[in-house]
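Please read them with the structure open.

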Amino acid sequence: MFSRIHSATTLGVDAYVVEVEVDISRSQLPRTDIVGLPDAAVKESRDRVRSAMRNSDLDFPGDRVTVNLAPADVRKEGPAFDLPIAVAMHTALNGSPGGLDGLVFIGELALDGMLRPVSGALPVALMVRDSESLRGIVLPRENAAEAALVDGIEIFPADCLQEVVMFVEGRRAIAPHPNTGFDSLDRAPDIDMCFSEVKGQEQAKRALEIAAAGNHNLMMIGPPGGGKTMLARRLPGIMPRMSRDEALEATKLYSVAGKLRPGEAMVRERPFRSPHHTISNVALIGGGTIPKPGEVSLAHHGVLFLDEMTEFKRDVLEALRQPLEDGNVTIARAATTLTFPASFVLAAAMNPCPCGWHGDYVNPCTCKPTQIQNYMKKVSGPLLDRIDIHIETPRLDPEKLTSAPTGETSEAVRARVNAARDRQLARYADEKIFSNADLNARMTRKYCALPAEAEELLKSAIRKLGYTARAYDRVKKLSRTIADLAGRDDIRVEDVAEAITLRSLDRKYLV
C-alpha cells in the first residue's frame with residue numbers, strides 16, 4: 001500500500017516542495033522508519049503521529065511503514081511534517097481519494113490530534129502561488145491569517161487531524177480563509193515612544209532625523225544617562241512606514257525564524273532589535289546546521305541597536321562588516337550556502353571611556369589616557385568607517401532636565417522624513433533602491449555631484465581628518481540626504497559642512 005502527498009519546508013527564506021511518500025508492507029515486526037535526511041524533530045513525528053491518529057479514532061498501520069521525504073538529499077527539520085505524514089498514512093491504508101492534487105499539507109500534531117502552528121507559512125504560501133501545479137494549502141488555523149497575505153491561492157485552515165481527514169475524504173468541507181493581501185499596511189502604526197519626550201539633545205535628534213531620512217548608520221557617544229538608549233528606541237517611530245515589498249521581506253524572515261507574535265499575521269512596524277552584548281556570532285549573524293536568520297536579518301528594514309557597543313566581543317562586531325556594506329549575509333555550510341537579507345540601520349551607543357565620564361563637566365574621569373585609547377579601539381577602524389554618523393550626547397543641563405518637554409512629536413519629524421524619502425524613491429525609481437544609503441559608487445557619482453566650493457571643502461576635510469575612500473562616499477551620501485530634507489535637488493556647501501561635522505567625532509577620540 002502506497003500513498004504520496006505534497007508538503008513543504010523552508011531553506012533560507014524560501015520554501016520548496018517536499019513529497020511525503022508512505023509505503024506499508026506486511027511484516028511480523030511492526031516498525032516505522034522515516035528517511036530523507038530528517039532531523040530529531042522529524043524523527044519524533046512517528047510517535048506524535050501514532051498517538052494523534054489513535055486519539056482521533058483513526059487506524060495506525062500495524063505493519064512495516066516507510067516514510068520518505070523527497071528530495072532525500074536535503075536535510076529536513078521541524079514538526080511541520082506531522083500532518084502530511086498522518087494524512088499519507090491514512091490514505092495509504094484506506095485508498096487515496098481524488099482532489100488531493102495541488103494541495104500542500106503542513107502542521108504540527110498534538111498527541112490528542114489537535115493542530116499546532118508552525119513556522120514558515122508565508123514562504124510556503126508564496127511558493128504555492130508561484131507554482132504551476134499547486135493551488136492551495138491545508139494548515140493549522142493559527143497560520144491561516146499569515147498565509148492569507150498571499151493572493152491567488154486557497155487557504156484551508158483546520159483545527160484537528162480528524163477534520164483534515166474528513167476534508168480529504170470529501171465528508172466535510174472546510175471554508176477557505178479569505179485572502180487579505182497587505183491591506184492592513186494602510187493603517188498607520190501606533191507610535192508608543194514619542195520624540196517629544198526627549199529633553200535637549202538637539203544635535204542628536206537632528207542626527208537621528210538624517211539617519212531615518214537616508215537609512216544611515218549612526219553611533220552615539222556620551223556619559224551614562226545622556227539619553228542614548230532613549231533616542232535609539234524612538235528611531236523607528238520617525239522612519240517611513242513600511243512599503244509592501246519591505247513588509248513582505250520582513251514578514252518572511254520572522255515567519256521562517258518563528259518570531260511572529262501570536263495573532264500577528266505580518267510585520268507592520270519597522271523592526272527594532274536590541275541584542276545583549278553577550279550575544280554570539282551565530283545568534284547575531286545567523287547560522288546553524290540548517291542556517292537560520294540572526295539578529296541582523298531580523299532587523300531587516302528596521303533598526304539594530306547595539307547598546308554598550310564596546311562590551312560586545314571583538315569578533316562579533318567584526319562580523320557586522322559584510323551586512324553593513326552589502327545589505328545581506330552569506331552563510332556557507334558543507335551542505336549548502338544561503339544568503340539572508342540584512343539591510344538595517346545600525347544604531348550604536350557607547351561610553352567615552354571605561355568609567356564613562358570622560359569629557360563630563362560634573363563627574364571627573366578616573367581613566368588614564370592609555371585606558372581611554374584602548375577602550376575606544378575595541379571598535380575597529382574598518383567598522384567605524386561603515387558608520388555614517390558619529391554624534392555626542394553630553395549630560396543635560398539641570399534647567400533642561402527639570403523643564404517640561406517641548407520638542408517636536410514623532411509624527412512631525414516623520415512627515416519631513418517621509419517627504420525626503422519620497423524624493424529618493426522618485427529619484428531612484430529605475431535603480432531599484434530605497435534610500436541614499438543604498439547608493440553604490442556609480443550611483444554616488446551620478447546623484448551626489450558637488451559644486452566646486454563644496455568639493456574643495458571635502459578635499460580639505462580628507463587631508464585634515466584622514467577620510468578613506470569609503471568615508472568620502474558616505475559624506476557625499478549624507479550631504480544628499482541633508483539636501484533632501486531641505487527639499488532641494490542640488491547639494492550645497494552647507495550640506496557638506498554639516499555632513500563632515502556628523503562624521504568628525506571618531507577623530508576626536510581615536511586619533
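1. The crossing of helix 2 and helix 3 is right-handed. This is a predicted model. The residues in contact are Ser-45, Arg-48, Val-49 and Met-53 from helix 2, and Asp-82, Ile-85, Ala-86, Met-89 and His-90 from helix 3. Sorted by class, that contact holds five nonpolar, two polar and two charged residues.

2. Now the geometry of this pair. Helix 2 covers residues 45–55 and helix 3 covers residues 82–94. Their axes lie 10 Å apart, and the packing angle is about 60 degrees. Angles of 65 to 115 degrees would count as roughly perpendicular, and those under 35 as roughly parallel. Helix 2 and helix 3 are therefore oblique to each other.

3. Helix 19 (residues 452–465) and helix 20 (residues 469–485) cross at roughly 140 degrees. Their axes come within 11 Å. Roughly antiparallel needs an angle over 145 degrees, and helix 19 and helix 20 are therefore oblique to each other. Their crossing is right-handed.

4. Which residues of helix 19 meet helix 20? They are Glu-455, Leu-458 and Ile-462. On the helix 20 side, the partners are Tyr-472, Val-475 and Lys-476. The contact of helix 19 with helix 20 has four nonpolar and two charged residues, and no polar ones.

5. Look also at Arg-480, which lies in helix 20. Is Arg-480 buried or exposed? Its relative accessible area is 3%. The cut-off for buried is under 20%, so Arg-480 is buried. Leaving out residues up to four places away in sequence, Arg-480 touches Arg-427, Tyr-428, Asn-436, Tyr-447, Cys-448, Arg-488, Asp-489, Asp-490 and Ile-491.

6. Helix 6 spans residues 161–168. Six of its eight residues are buried, so helix 6 is largely enclosed by the rest of the structure. The buried residues are Leu-161, Glu-163, Val-164, Val-165, Phe-167 and Val-168.

7. Five strands form it, in the order 11-14-17-10-18, and the pairing is parallel. Strand 11 (272–273) and strand 18 (389–392) stand at the edges. Each has a single partner strand, so one side of each is left without a neighbour in the sheet. In a regular strand the side chains alternate between the two faces of the sheet.

8. How many bridges join strand 11 to strand 14? There are two, and these strands run parallel. Strand 14 consists of residues 303–306. Phe-272 stands opposite Val-303 in strand 14.

9. Strand 1 and strand 2 form a hairpin, with two residues between them. In the turn, Gly-12 has a positive phi of about 75 degrees. Thr-10 has Ala-15 as its bridge partner in strand 2.

10. Last, a loop residue. Pro-262 sits in the loop between helix 9 (244–257) and strand 11. The cut-off for exposed is over 50%. Pro-262 has a relative accessible area of 84%, so Pro-262 is exposed. Pro-262 and Lys-205 are 57 residues apart in sequence, and their C-alpha atoms are 34 Å apart in space.

Technical notes. Residues are numbered from 1 along each chain as its sequence is written. This is a predicted model: local features need pLDDT of at least 70, side-chain atom pairs count only at pLDDT 80 or more; totals for chains, interfaces and linings use all residues. Side-chain values use heavy atoms; hydrogens and water are left out. Axes are lines fitted to C-alpha atoms, for helices over the stretch in contact, and angles run from 0 to 180 degrees between N-to-C directions. Helices (H or I, at least four residues) and strands (E, at least two) are DSSP runs, numbered from the N terminus. A crossing is left-handed if the near helix is turned anticlockwise from the far one by less than a right angle, and right-handed if clockwise. Contact means heavy atoms within 4.5 Å. Ala, Val, Leu, Ile, Met, Phe, Trp, Tyr, Cys and Pro count as nonpolar, Asp, Glu, Lys and Arg as charged, and the others, Gly among them, as polar. Two strands pair if DSSP finds at least two bridges between them. Buried means under 20% relative accessible area, exposed over 50%, partly exposed in between (1.4 Å probe, protein chains only).
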